[in-house]
Structures are given as C-alpha cells and as structure tokens.
Amino acid sequence: MKLVVVACLLALSAGTVFFSEEFGSGWESRWVQSSKAEFGKFELSAGKWFVDENTDKGIRTPTNAKSYAISSKVPAFTNDGKTLVVQFTVKNEQNLDCGGGYVKILPEGFDQANFDGQTPYLIMFGPDQCGSDKKTHVILPYNGKNFINTKRIRNEPDSLTHQYTLIVNPDNTFKVLIDNQEVTAGPLDENFEMLPPKEINDPSAKKPEDWVDNPTIPDVNDFKPDGWDDIPEFIDDNEATKPDDWNDEDGEWKAPRKRNPEYKGEWRQKTIPNPDYKGPWVAPKIANPDYVADSELYKIGNAGGVGIEIWQVTAGSIFDNIFIGDDVEEASEFSKKTFAARKEKEPAIKKALDDEEAAKYAQEHGHEEEDYGDYEDIEAREDL
C-alpha cells in the first residue's frame, strides 16, 4: 500500500516534457528544413572538438553568410497555469562575429515547409552578437505583438558550449539562466513593455515660478584683477631678426608677432554652489488611467512546434539538447544528462587543441611557440 502511495505521489509531482531533442538517431525524420532555395542546410556534427563525438553531435551551420531555418512539429500544448521552461545548448566554435542562436516556440498550424523569419512565433530566445554588441534576447507575445526584454541580458561570447534556459512562471515572472546560473529575473511587466506604465507624470503639474534649478551662482566676492584687460594676447617677437636676403623694396620688414606668455584670456568670475538649488524639477507621478493589470501576461497561447531560425556571417554554430517542459527540476535533470560533462571537460579539451595548433603553426612558420599566445593570436599577428 505504501509503495502504491509513493508511486502515485511521484506521478503527481512529475512534470510534462513537451519536447526534447538530442539529435540522435533518426533526427532528420523529426525535423524539416526550410524548402526555400536561399536557406542553407543544417548538418549533423560534433564540430572540430568535443568531449564525446557521438553524444556531442548537434545540428551545425556549415556555410557562411546564410540563413538557416529548421522546425519540428510537437503535440499541441499551452502554458496555461503552468511554468514553461525552454532550454538548449549552442556552441559557437567559429568565434561568432555577427549572428544569433535562437530557438523559437511556434504556434499550432504553422507552415513547416516555408518556415522562415516571417513566420509568427510565440517565444524567441537565445544569444545574439555582432561586433561588441553581445546580448541574450527574450521575445514574448502579448495581444498579437512581440515584446523584447528591455533590460540588457548578457550572453557567453566564447567558443565553448553554453546552455541557455528561459523560465516563464504563471505568477508573471521570468528567469534566464546561462550554464545553470541565474543572470536575470523579475516581473514580466517590468521587463517587457506589454502594458502601459503604472504611473505617469502628472500632466497638470507645473514647475513653480520660484523653483531654483541653477546649481551654481557667480561668486560676488570674486573680482577681476586690476590691469587684467591691459595684457595683450600677442606681442612683437623681439628676438626675431631681419633675414639677410630681405628685399626692402618689397616692403619694410617688421618683427613677427608671438603669443604673449602673460596673457590669461578672458576673465570669468568664479562660481559657487547655489544654496537655493532644488535640483531639476520633475513632475509628480500619478496613477496611469490607461494601466490595467493583467494576470495572464505569461500565457503564450497554443504551441505546436519548435524551430531554429538564424542568419550568420560566419557559420559553425552547433545547436543541441533542446528541452521544453513545465518543470524546472525536469530541465535540471536533462541538463545533468546532456550538459554537465561538457561544462566540466570542454575548457581543457579546447585549450589542448589550441596549444597543439599553436605549436604546429609556430613550427610551420619558423616561430618560437613561446613568442605567441594561442593559435588564434598567431593567426591575427600573421595577418598583420
């Protein structure tokens, strides 16, 4: 009897996994690549370096300066009254210069064969970078419009595998984790401009006529020194001499002028802090009559698919380990299974590969290895 009760409790506590993908055997039967001619095709690859070649395989962008779009249909689900977790890994082993890495939740009935950047979506989530602009996008729907996070969320711009997790809660809050570490969290209405602001400046308020908004005033005890204006800015250069080849028929020679070292410029009276300064005037806040609270900001609607849609200058990104469900613990267990080993071992593997390539490059080009840093540094210096 006790065993039955425990089993029932475990069943009740287990979350629902709406979708998971590790790109193992038969992955192509579960995914459809966009049929549009201008789109590149993802390929299955673990990349140039990996912890385990078989388990680390994901779908990779192989061709530069291409758009990519691929999607998988899933049984319809909603996040009504539930937590929603969207999680995946991406490895930008090409040292991504400009492009993104987004996973999208797609609505029921989307056109899978023609899936592209114009296809409506319910969530768009993932890292984006171009030059020095590096961030993570979270885009959520509300009343037929998409709203991007207003507060900047960092990303991980290096070439290791990183895991991105978005958690949307039914209490209208959200979190973003990178490599299982929280990087941002908060209420949806404070991070996405889905609703008008709760407060606005009182339009009827006027700045008082006696408001003092000058932070400084002239120092009445500061006077211009006597003779200040009598000092010229330029004087004759008395050390100059008439050139030997000067032709007086061309005009009388005159000594050139030079800046007067004693000239101090225009005199300006000193200023002091204004004792009556009240700071910039700001209208008082009042409740915004257009603001209406909504307890269902978190709802994304009826979902029916998962997609990856991106454009990149330099290809080489590998997407893997996609998880979508309603239980944070389930997502954590999936992470332990699919990501923990990579997080622990990848840095050393990558460093060993860099050291090996640096040594090989140095030998081939007649450089001493210790003269340079890693392989990428050598290439950069050689380009110079």
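Helices (H or I, at least four residues) and strands (E, at least two) are DSSP runs, numbered from the N terminus. Helix 5, residues 340-364, is one such run, with 25 residues. The model is predicted, so local features need pLDDT of at least 70 and side-chain atom pairs count only at pLDDT 80 or more, while totals for chains, interfaces and linings use all residues. Residues are numbered from 1 along each chain as its sequence is written, and side-chain values use heavy atoms, with hydrogens and water left out.

**Helix 5**

- From its first C-alpha to its last, helix 5 reaches 37 Å, close to the 36 Å expected at 1.5 Å a residue; the expected span is 1.5 Å times one less than the number of residues.
- Helix 5 has a kink of about 45° at Glu346, shortly before the proline Pro347; the bend at a residue is the angle between axes fitted to the seven residues ending there and the seven starting there.
- Buried residues of helix 5 include Arg342, Glu346, Lys350 and Tyr361; buried means under 20% relative accessible area, exposed over 50%, and partly exposed in between (1.4 Å probe, protein chains only).
- Gly366, with a positive phi near 70°, follows helix 5.

- Strand 6 (residues 66-77) pairs with strand 22 in the antiparallel sense over 9 bridges; two strands pair if DSSP finds at least two bridges between them.
- Ala69 has Glu309 as its bridge partner in strand 22.
- Strand 2 (residues 32-33) is joined to strand 6 by 2 bridges and runs antiparallel to it, with Val32 partnered by Ser71.
- Strand 3 (residues 39-40) pairs with strand 6 in the parallel sense over 2 bridges, and Gly40 stands opposite Tyr68.
- Strand 11 (residues 133-142) and strand 12 (residues 145-148) run antiparallel and are joined by 4 bridges, one of the pairs being Leu140 with Phe147.
- The hairpin of strand 11 and strand 12 has 2 residues between the strands, and Asn143 in the turn has a positive phi of about 50°.

**Positions listed by UniProt**

- An unreviewed UniProt entry lists Tyr102, Lys104, Tyr121, Asp128 and Glu309 for "binding site"; the positions are given in the numbering used here, feature names are shortened, and annotations may be inferred rather than shown by experiment.
- Tyr102 lies in the loop between strand 8 (98-100) and strand 9 (103-107), and counts as buried because its relative accessibility is 10%.
- Not counting residues up to four places away in sequence, Tyr102 touches residues including Phe125, Asp128, His137 and Glu309; contact means heavy atoms within 4.5 Å.
- Asp128 lies in strand 10 (residues 123-130) and is buried, with a relative accessible area of 14%.
- Leaving aside neighbours within four places in sequence, the contacts of Asp128 include Tyr102, Lys135, His137 and Asn155.

**Nonpolar cores**

- The largest nonpolar core has 55 residues, and those with the most contacts inside it are Leu84, Ile105, Phe125, Leu166, Ile322 and Ile324; such a core is a set of buried Ala, Val, Leu, Ile, Met, Phe, Trp, Tyr and Cys residues joined through side-chain atoms within 4.5 Å.
- Strand 6 gives the largest share of this core, 5 residues.
- Another core, of 6 residues, lies apart from it, and Val85, Ile167, Phe323 and Ala331 are among its members.

**Val313**

- Val313 lies in the loop between strand 22 (303-312) and strand 23 (317-325), and counts as partly exposed at 32% relative accessibility.
- The C-alpha atoms of Val313 and Asp97 are separated by 7.0 Å, although the two residues are 216 residues apart along the chain.
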